Amino acid sequence: MRLKSVKGLIALGIVKGLITLGVFLFFSVFSECGAAAELGGPSEIINEEYTFEKLNPDEVTTEWDDSYLFSSREDALKEFEALKKKPQEINETFRPEFEYLSGPVLLDYLNAEKEFSKSLEVLYAYAYTQLSKNVSDPFFASLLTDSQDLLTEYGKANSFTVVKLTSLDKDEWDRLFSEEPKLEEYRPYLEAKYMRFADHRAMNESQAIYLADLDNQRMKLETEALSEITNNVTMAGNITLENGEEYSVNSQSYFTLLSTDQNRENRKKCYEKRFYHLKNESDSMASLYSRKAQLDDLTGTQLNHTDFYDYTLYGLYLNRTQIDDMNTVFKERKGVFEDYNEFRRNKLGIDTLRPYDLFLQLTDQPGKNYEYVDALQEIQKSYSRMDPCFNEIFLMMATGNFIDVYPDPEHGKQPGGYTYGLCSLKSPALVFLNYNGIISDQKTLTHELGHGINFYLMGNSVDYLYCSGPLYELEIPSTFNEELFVDHMIQNSDKDTAVNALSQHIGEYQNYFTRQPMITEFEYQAHQLCAENGTASGADLNAIWTNLSKEYRSESVEYYIEDSAEDSAEWAYINHIYLTNNYYTFNYAVSKAITLSLFKQYREDPETFNKNYIAYLSAGSTMPPEEKLKKYFGIEINRQLFEDAMDVVELRIQELNELEKKANTPESDSAVESLNIYSGSFWVNEYNNK
């Protein structure tokens, strides 16, 4: 569920924040036709408005083919050697010119930086994605390290540009624009990257170089953490199942067993095995985290921010009040989920819910495996009311070796999933999965495809440097895809499957609106502790995690084993907290709240929504994020947005209970026949009543 891009790092000046790793904002005269106009004509699968080409199962691919990036490792090394010369070449070309900067020189510099960024993005993508498939591969580990060092060297060699441009006053900027009319196209970009950071800038080249070194250290710690998580933290060891089988508990098998094994004792053993293993790993991960936290906050304070959290929010065009309001709403209304938890408890026929009961699929066949091709076909059908470009991009990704599908932890494939955008090549994004065939894996698949659709639309609609956005904005198409998929399952599945899909989806609402904000609060408190004490132990961070979880968690779930005072080390395996752009996870909650508001608009008027949505996704960072959200959808990020989101959760829980009642009657085999959901008479009208 992560996004990756490299061009923000190339921007350096250490003003990162808009896309996963960086800040970019640009201007273009944007056509609402977007990339859809560049895509080919559709055929087959018919709905009321469009015709779509049907997926051919024989053409589906399940592994990356990265030969279009580099045909061999040797070619990648040759490209690296060529790129190593570029930072100094750009320095020697533009340093003298920047002494008496003119509009034409600035335009030339922007173009030179862009070309270097595009080339390095391809190299970085090659190293990063291949290392994900085997975190112990020495070639790709070295290539990624070298690529990170090259980013740092570029930042150092060209730090004079950031120092110069962030120091210009309004009159100087007006002069540059008047000297070169073509710069007008980049005005909002220059405002976002330089003018906006006049009070948060490196004051001289020495400071800029120091910040580049800090950033390099943070990148290296991220790589180290992801390797530790893959090789040690998530490898909990073996348990003996009730049938006598030995079962290895790792990043993938843990969630598979908890989602599919109806034997509660097996689930308990699996949960406890990892629970105590994480505690054993907590000291080593706390040491690593402490080093990173200190570097994070040092970066923030160097740029005149209170801390790295303040730095992050500024880069996202958000403020503490907005996020505090969000957290307050979700804590105050966490009781909304009690009806859902009671539903789950009754469905499982148990007296008390435990953590190992929260993932089990609520169906007669929780271990049912959904073949990857079948999942793709269902996802394709969920796009039937969307603009045709959704289907065309989907087909390119599903059949073009752009998705790496299956887990392989024994050979070093890291856990989780992400999407790596390749706007530099105007090609589909690379999607990284660990698909096991359970229903949540289908949701992950459509989630990541949402990112891929977004990246492709941007890459083929606006200039490369416009292909960015704040994290919460870039998570909207992925979370919107989830809503499409669940509605499709309710409409087209038997009642048992529909209940299972909706139940699992509501469980994910609980994850989005309680767990994800909690992770960010954990990071903030952990950073504060490290700032005060210089370091933190595993026990320190376990206590922070446990105390915060009590503020967010359900009262109806008995969370801890035997000793209710026992602290959890669940934080230790969460990739996001070790990322260079940490304070990541609250963006999921913000995006989901926005998505639920968008979904209401989609339900009420699909045609108008599609027009605005494609324009929104295609626009990239051509305008400030809050302005773009308001322009296309009239939405603002405030307390009411989060209250409305929780209203929708209540309606989804009501919907679940209605489906369950109908599931126990023999009148109809189809969930949608039992509950008039897709016409909007239930969901939209009930929302409006709220």
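The expected span of a helix is taken as 1.5 Å times one less than its number of residues, and helices themselves are DSSP runs (H or I, at least four residues) numbered from the N terminus. The model is a predicted one, so local features need pLDDT of at least 70 and side-chain atom pairs count only at pLDDT 80 or more, while totals for chains, interfaces and linings use all residues. Residues are numbered from 1 along each chain as its sequence is written, and side-chain values use heavy atoms, with hydrogens and water left out.

Buried here means under 20% relative accessible area, exposed over 50% and partly exposed in between (1.4 Å probe, protein chains only). By that cut-off, the buried residues of helix 21 are Gly538, Leu541, Asn542, Ile544, Trp545, Thr546, Leu548, Ser549 and Tyr552. Their cover includes helix 11 (264-302), helix 13 (320-332) and helix 20 (495-533), where contact means heavy atoms within 4.5 Å.

Turning to helix pairs, axes are lines fitted to C-alpha atoms, for helices over the stretch in contact, and angles run from 0 to 180 degrees between N-to-C directions. Helix 3 (residues 86-99) packs on helix 4 (residues 103-133) at about 170°, with the axes 11 Å apart. The two are therefore roughly antiparallel (the label for angles over 145 degrees). On the helix 3 side, Lys86, Pro87, Ile90, Phe94, Glu97 and Phe98 take part, meeting Val105, Leu106, Asp108, Tyr109, Ala112 and Phe116 of helix 4. That contact holds 9 nonpolar, no polar and 3 charged residues; Ala, Val, Leu, Ile, Met, Phe, Trp, Tyr, Cys and Pro count as nonpolar, Asp, Glu, Lys and Arg as charged, and the others, Gly among them, as polar.

Helix 19 (residues 476-492) and helix 23 (residues 606-618) cross at roughly 145°, their axes coming within 11 Å. Here Ile476, Pro477 and Phe480 of helix 19 meet Phe609, Tyr613, Tyr616 and Leu617 of helix 23, a contact with 7 nonpolar residues and no polar or charged ones.

Helix 19 also carries asparagine 481, which counts as buried because its relative accessibility is 0%. Leaving out residues up to four places away in sequence, asparagine 481 touches Tyr383, Phe390, Thr446, Leu449, Gly450 and Ile453. Glutamate 604, in helix 22 (residues 586-604), counts as partly exposed at 42% relative accessibility. The glutamate 604 side chain makes a polar contact with that of lysine 600 at 2.7 Å (a pair of N or O atoms within 3.5 Å; within protein, one must be able to donate a hydrogen and the other to accept it, and residues adjacent in sequence count only if both atoms are side-chain atoms).

Key: Parallel < 35°, antiparallel > 145°, perpendicular 65-115°, else oblique.
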